[in-house]
Amino acid sequence: MKKLYLSIFASALALFIFQSCEKDLPQRLDYEAYEFATLDEDGGTWNPVLLNSPGQIGIPAPEATTSPAYQAELAAVKAASGQITGDQEAAVRYWSSNALIRWNEIARELAAKYNLTPAPNADGTYPAPNAMNPGQYPLFPFAHPPYTCRMLAYWSGAQYDALMAAWYYKYQFNRPAPYAADASITTHLPENGLPSYPSEGATIAAVSQVILSAMFPLEKDFLAAKATEHKNSLIWAGMNVQSDIVAGDSLGRAVAAVFINRAKTDGMANAQTPRPISDSLRAAAQTRWGWHWENLETPQRPVGITPFFGRVRPWCIPNVEAVRPVPPPAPGSAEFQVAVAELQEIADNLTTDQRKIANFWADGLGTYTPPGHWNRFAADLIVKYKENPLRSARTFAYMNMAIMDAGISCWDAKYYYHYPRPAQVIPGFKTILGIPNFPSYTSGHSTFSAAAATVLGHIFPAEKARADAWAEEAALSRIYAGIHYRFDSEVGTTQGRAVGNYAVEVAKVDGGE
Amino acid sequence: MKRMSITSILLMAFGVMLLLPSKAQTPTDALMMETGQICLAAIYTHDTWDEYWEGTLKRNNGNIGTLTRQTVMPMVALGVIDRVNVIAALPWVKTQASGGQMTGVQGLQDWGFWIKGTAVDQEIGSGKLTLHAVAGVSGPASNYLPDYAPFNLGFGCLEGSLRGVLQYQTGSGIFVRGQGAFHLRGNSTIERDYYYTTQGFYTDEVDMPDAISYGAVAGIWLLNNSLKVEAMFDGLKSLGGFDIRRQDAGFPSNKMIFTRVGGGLQYYFPFVKGLGVVASGGYVLTGRNVGQSLALSGGITYQFGIW
C-alpha cells in the first residue's frame, strides 16, 4: 500500500514537473531596439509614391529650443523619462526603435483575425460582408489575400511618403532630439541622431491608425489606443517632445488621407462583383477557351473571391496586359495530363517533407495570407540590416506594391482564363488543404511570392538566393497540397518576377538606392 | 489558403482513455488482473458525426458531410501483482469525410501506458467497495498532423493523467461506479509557425488545454458472472482553449466539452477459458467544439496466466 501511495505521489510530481516545463508561447516577434545602420539624411529629396514632393504638405516651423514653450516640453520629457514606470518601460520596449515592425505585425494580426469566409445561410445562399455595416455578420472585411495585399500596400506606401515628408522637415528644421538638447535626459531607446521635429514615431503611428482604421473599421478603438500608447512611449523614452509628436501626427494624418483618397477610387469597391457579372465571366471563358472554373464547396459559392481585382489600379506595372501570362494547356492535352499525373503521384505518395512545406506556406483562412507571410520576412530582414524607419518603409512599400500588383496581375489571369482547379477535373482527387474560392491559373502564392522575393532580393542582395528559394518553395507547396498544377505555379512565378521587376525599376530611380 | 471554406470542426480523439469501451482491464474500470495474468484485447470502434458544435453553435457542414473515424485498438493488460496492473494500448485510426474535397488520413495515433493500483478493497456486508488509482501517459506514435481538423488522428501532445475509480458492488453482482481524471497536456507541434486563436502566436507549438474527464456507470453481472451489462454517462471538459470562430476550422487547442451516454456488454465464453467479447456504444448529448458523435465498438479479449 505504501508503495502505491509513493507511486501516485511520484506520478503527481512528474505531472507537475511536466507542466512547469511548458513555457509561455511567443505572441509577437521579439527584437531588441537597435541603432540604425544609416540615417539617410537626404531622404527628404527622394521621390514619393503619391505626393508630388516630400514637402508638399506643410507643417508649422517648430518653436526655437530656447523658447519657454520648448523648455517646458523638455522639462516634461525629462520628468517622464526619469520617472518611467514598469508599464511604461514595457511599452517603450514593445514599440522599440522602429515601430514600423510592430505596426506591420498589428496589420498582419488584423488580417489573420478577419480572414474568415462567410458561412452559408440556412437556405444554402451566402451572405456577404458589407462595408457600410461592418459589424453585422459576416463582419467586414473578409481579409482574403487580395484584400490583405491591398491593405499592406496602402499602409506601407503611405508610411514611405509620410516618412519621406518627415525627413524633409527634420533636416529642414534640424531640431535636436530632447537628449541632445539636454544631456541630463534619460533615454530608454538608442539615441539615433535624427533631428526630432517632426517625430517619425508619431508619423508612423498616425499613418497606421488612419490606414488600418479605414481597412478594419471595427478596430478603430483598438487602433486609437495603440497609437496613443505608441506616441506616449516616445515621451517616456525621452525621444521626442510633445510638439515633435503633434507635428508628426498631423503630417502622418495628412499623407494617409492622400492614400485613402486613392483607395476610394482604385476599383476595389467593384472587385467583388455581383453574380450576373461573375456568371458572364464564366460564360465568356467557356466560349473563348472551352473550359471554366467552378467553386466546389457545398453549398456552392456562387461568386469567387474578387473577380474584378484584376481591374484594380496597380502601383508599378503599366497594366495587366503587360504581364499577362500565356494561356494554360487545355484540359485533356498532353501537357495537362503530365501535370495531372504528377499531382496524382504526389497525392498517393506524399512525404512528410512535402506535407510540411504545404502547411508551412498554406497561409489560408485565419492567417495573415501569403502577403502577410512575406511582410514577416521583410520585417526580419529590416531588423537584421538595422534599417531606419524611412528605409524600412521603403522596403515595405516596394515589396507590398509589388505584391499588390502581383495580386492584380494574378487575379486578371485567374478570371480571364477561368481555369478549373485540379479537384474539379480529376475524378476523386482530394487535397490536404482547402481549395481557395477562385480559379486555378495562375497560382496566387507563386505570383505574390516571386514578386516579393524579386524586390527583397534587390534591396538585400545578400539575401537574394534565400528569398528566391522561399518563393520557389511557396510555389511548390501548392502542388504538394493538390491545390495547383505545376504550370499554375511555374507560370505564376515567372509572372510574379516580371511584376516585381517593375517595382524594382521604380525603386532604382527614387533616390533611395 | 489552408482549409479555405472547409469549415470547421472538431475532433473526437480524446486519447485512448475515453475511446475505451467500458469493459474489463481498462483505466476507467474497477477490474484488476491477478498476479501473472495477462489480457490481450483488440477493439474496433466506428464513430461518426454529421453535426458538430462550432463554439456553442450546432451546425452541419456540406464540406464535411459525415465524418467517420474508425479505430482499431490493440491493448494489453498485465497483473504485475494483485494490487498493481499495467496497461498499454496503441490505436490505429482512420478518418474520412463523405463531403468536401479534403483527404482523410490514417495511421497510428497515440501510444498509452497506465499503471493501475488498488488503494481500497473493502468488504462491506455482502458487497465490496473498491478504490483504484490510475496514472497514465500517452503521446503520439506517428508523425500525424494535429493541425488537420476534423481529420487529425489525435492532438499530437504528450499527456499525463491521474484517475480515481470508486466502485461499490453488491453480493448479487449489481455495481455502481464513478471515476474522474485530470489530464495534463503538453504542447502540440504543428507545421506552421504562425497561427491565430484569439490572438496570433509566432511559434509552431500549441499550448494544449488541460482537461478533466469523468464518468458514472451502473451495471450488473449476470449468468453466473459471465455477462456484464452496464449503462454509462461520461464527459470531458477542457480547462482552457478557445471556441472555433464562425466558419473557421477547428484547432487542437479548442475548448472541447461534451457529455455522452452509452452502454456496454461484456461476455466470457463458458467453454473457452479466458475468452471474452465486448461491445459498447456511446452518443454525445451536449458539446462544444466537438462533433455529436455516435460511437459503436466491438472487440475480443483473451486472458491467460503467464506465471
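Helices (H or I, at least four residues) and strands (E, at least two) are taken here as DSSP runs, numbered from the N terminus. T369(A) is not a glycine, yet its phi is positive, at about 65 degrees. The model is a predicted one, so to speak of local features takes a pLDDT of at least 70 and side-chain atom pairs count only at pLDDT 80 or more, while totals for chains, interfaces and linings use all residues. Residues are numbered from 1 along each chain as its sequence is written, chains are lettered from A and ligands numbered from 1 in the order in which they are written, and side-chain values use heavy atoms, with hydrogens and water left out.

Now for the meeting of the two chains. Contact (heavy atoms within 4.5 Å) links 52 residues of chain B with 62 residues of chain A. The buried area, meaning the accessible area (1.4 Å probe) that two parts lose on being put together, summed over both, comes to about 4,900 Å² between chain B and chain A, and carbon and sulfur atoms give 58% of that. Two salt bridges are counted between the chains, a salt bridge being a side-chain nitrogen of Lys or Arg within 4 Å of a carboxyl oxygen of Asp or Glu. R355(A) forms a salt bridge with E191(B), with 2.7 Å between the closest N and O atoms. On the chain B side that touches chain A, the elements giving two or more residues include β8 (110–124), β9 (127–140) and β10 (159–169) of chain B. The largest share, four residues, comes from β10(B). Sorted by type, that side of chain B has 20 nonpolar, 17 polar and 15 charged residues; Ala, Val, Leu, Ile, Met, Phe, Trp, Tyr, Cys and Pro count as nonpolar, Asp, Glu, Lys and Arg as charged, and the others, Gly among them, as polar.

Next comes a stretch of strand in chain B. Q70(B) sits in strand β4 (residues 67–81) of chain B. T48(B) is 22 residues away from Q70(B) along the chain, and their C-alpha atoms are 8.5 Å apart. Setting aside neighbours within four places in sequence, Q70(B) is in contact with several residues, among them Y44(B), H46(B), W92(B) and K94(B). The side chains of Q70(B) and Y44(B) also make a polar contact at 2.6 Å; the term covers a pair of N or O atoms within 3.5 Å, where within protein one must be able to donate a hydrogen and the other to accept it, and residues adjacent in sequence count only if both atoms are side-chain atoms.

One joins F140(A) and P141(A), with omega at about -5 degrees, and P141(A) falls in the loop between α4 (100–114) and α5 (145–173) of chain A. Another joins A149(B) and P150(B), with omega at about 0 degrees; P150(B) lies in the loop between β9 and β10 of chain B.
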